[in-house]
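Please open the structure in a viewer and keep the sequence at hand.

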Amino acid sequence: MSTVFIALQANEETRPIIEAIEIDNPAAVVNRQPAMVKIDAEGSLVIRKATIEEQLGRSFDLQELHINLITLTGHVEEDDDSLTLSWNS
Amino acid sequence: MDMKVAKKKLGLKEKYRTMTRDLGWEPSYHSKDELFPYVGYEGIKIHDWDKWEDPFRLTMDAYWKYQAEKERKFYAIIDAHAQNNGHLNLTDARYLSALKIFLQAISPGEYAAHRGFARVGREFPGVGPQVACQMQAIDEIRHAQTQVHAMSNYNRYYNGFHAFADQRDRIWYTSVARSFFDDSMSAGPFEFMIAIGFSFEYVLTNLLFVPFMSGAAYNGDMATVTFGFSAQSDEARHMTLGLEVIKFILEQDPDNLPIVQNWIDKWFWRGFRVLGLVSTMMDYMLPKRVMSWREAWEIYGVENGGALFKDLARYGITPPKGWDDAGKAIDHMSHQFMLGLYQWSFGTAFHAWIPSDDDMRWLSAKYPDTFDTYYRPRWEHIKKMAAAGTPFKNYGLAKLCQTCQLPCVFTEPDDPTLTCHRETDYKEHKYHFCSDGCQHVFENEPEKYIQAWLPMPQLFQDPVNGDLGEWMKWVSLLDGKDNGDYADSEDKKNFEVWRGLATTNQ
């Protein structure tokens, strides 16, 4: 399977988001680089609103991700509750 | 007592449908063909524009909200940078050469992309792409403005930042990026989308922005980290649009495949040549390096590009024609470029330099198969010439490739000791190329590329007429300030003095 990834700015807003991604994707590899965090996952990666809200302690609109997003790869499937990145092959 | 009833909020999909699709209408005064005259001539067949999906489902109201927040974050940091002498936190003023190239060549490209997306947003008949292109057009002008604004802080103290607009139009090396964007803007709307939306944004932009921002972070440049991040937060959306475009076109009609493949071949190679300048930044210009160009190519080219083309294989798409030649060039291009920039540094509005012994050790380790064999001996020779008081300067004019407009400094894909040179005769003239890729692009559309403005022929026309001093005036290059070896520059002297003042009580 090909690897998908998402990279976020390293800051206070993304810390709980990254923790949530780690909880929902235990096999994902988190690379911490200066000022940015890049998360790689085989095949697909899911980001769930409910898990982020638990880590954050407040309600969270998934589109807030746009503010701290650096880059991503793969097909994006987004609805109110989750955002999934995946490759078809 | 009235109970407060919570208003039912629209779900993401409903909201997108209401606030995007419902903005469209069927024209009644004019036919669709009259309204959208350029959508057919490239041969792309679209049967149902409603099949267009925006995976992020971003609506205009949410767009303004998040963009405003990005701007607030950006200006908070830019103000702090200016108020706290942020420029003295740089690792070294050599780093500024990378910024100057960015300002002169890349920021005007953002502006060009703004114009391009504003145009194609008008020319596509579907509401989905109209809205997505409008957002991207506004993003791109925001990028140009925030970049110019962030770098204006360096213009107060350092040379080479003062005339980027003149240099965008007139100096030789910026014509590489300019011709790339002009080429895309003068193509049809679908080709523009494949050129900028897919090939540049999706396949190559990670190689530009991600190492550039990390490079800024490693080298203490808070201003650039900030504009880079602010721009990059839009890029993820642009990349998703680029991937959506290609899937949409290919799913609409099987006849679209060969047209799209031809554009991918062309724009991958055009983009690869433009981004070659980034290789010098990563391997030579960052005093504190992030990763080598080779390592960045492995992550964002081989791994990510490989996954992408494997995925698109179900539509019949194959990796771009120049993919293998690009792979063979990776271990050579930054060295060949930097040797060129050094020998022509009298004509650049940024500084070049001879790598130090430490730098060369790093380059040997990162390029074990090529650096010591092919490039170290040249740098050692150049170093001796500089030490003897006879620095190597090439006052000859570079032969430029008719397509990418770079000097023909590259070698044959399979022989790094032989300069690569191709030529084509067309209508009684001879045209030169740096590579098979650029020659193919020309031969597919010769009538377009014979019209290219090339900086070298311009040298012999009014108002320059072959005079180097006149040329410098015309391109707003201040001789002895903006150009030449970093070792002898005002930037070096000033940075050291100011940093000394900042860290002592003298």
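Predicted model: local features only at pLDDT ≥ 70, side-chain atom pairs only at ≥ 80, totals over all residues.

Residues are numbered from 1 along each chain as its sequence is written, and chains are lettered from A and ligands numbered from 1 in the order in which they are written.

**First stop: the sheet of four strands**

Select strands E2, E3, E1 and E5 of chain A, which form an open sheet of 4 strands in that order, with antiparallel pairing. Strands (E, at least two residues) and helices (H or I, at least four) are DSSP runs, numbered from the N terminus, and two strands pair if DSSP finds at least two bridges between them. Strand E2 (29–33) and strand E5 (69–72) of chain A each have a single partner strand and stand at the edges, so one side of each lacks a neighbour in the sheet. Direction ignored, neighbouring strands of this sheet are turned by 15 degrees against each other on average; angles run from 0 to 180 degrees between N-to-C directions, and axes are lines fitted to C-alpha atoms, for helices over the stretch in contact.

Now select strand E1 (residues 3–9) of chain A, which is joined to E5(A) by 3 bridges, the two running antiparallel. Here Ala7(A) stands opposite Thr71(A) in E5(A). Helix H9 of chain B packs on this sheet and touches E1 and E5 of chain A, its direction making about 35 degrees with that of E5(A). Touching refers to contact, which requires C-beta atoms, placed from the backbone, to lie within 7 Å.

**Second stop: the sheet of three strands**

Next, select E4, E7 and E6 of chain A, an open sheet of 3 strands in that order with antiparallel pairing. E6(A) and strand E7 (residues 82–86) of chain A run antiparallel and are joined by 4 bridges. Within E7(A), Leu85(A) stands opposite Val76(A).

Select helix H1 (residues 15–24) and helix H2 (residues 49–56) of chain A, which pack at an angle of about 130 degrees with their axes 8 Å apart. That angle makes H1(A) oblique to H2(A), since angles under 35 degrees count as roughly parallel, over 145 as roughly antiparallel, 65 to 115 as roughly perpendicular and the rest as oblique. Among the residues that meet are Ile17(A) and Ile23(A) in H1(A), and Ile52(A) and Leu56(A) in H2(A).

**Fourth stop: where the chains meet**

Show both chains: 34 residues of chain B are in contact with 25 residues of chain A. H9(B) gives the most to the side of chain B that touches chain A, with 10 residues.

Select Asn85(B), in the loop between helix H3 (60–83) and helix H4 (96–123) of chain B. Asn85(B) is not a glycine, yet has a positive phi of about 50 degrees.

Is Gln405(B) buried or exposed? With 25 C-beta neighbours inside 10 Å, Gln405(B) counts as buried; the term applies if 20 or more other C-beta atoms, placed from the backbone, lie within 10 Å of the residue's own, with 12 or fewer making it exposed and values in between partly exposed. Gln405(B) also has a positive phi, about 70 degrees, although it is not a glycine.

Finally, select Asp462(B) and Pro463(B), which are joined by a cis peptide bond with omega about 0 degrees.

Key
Contact = placed C-beta atoms within 7 Å.
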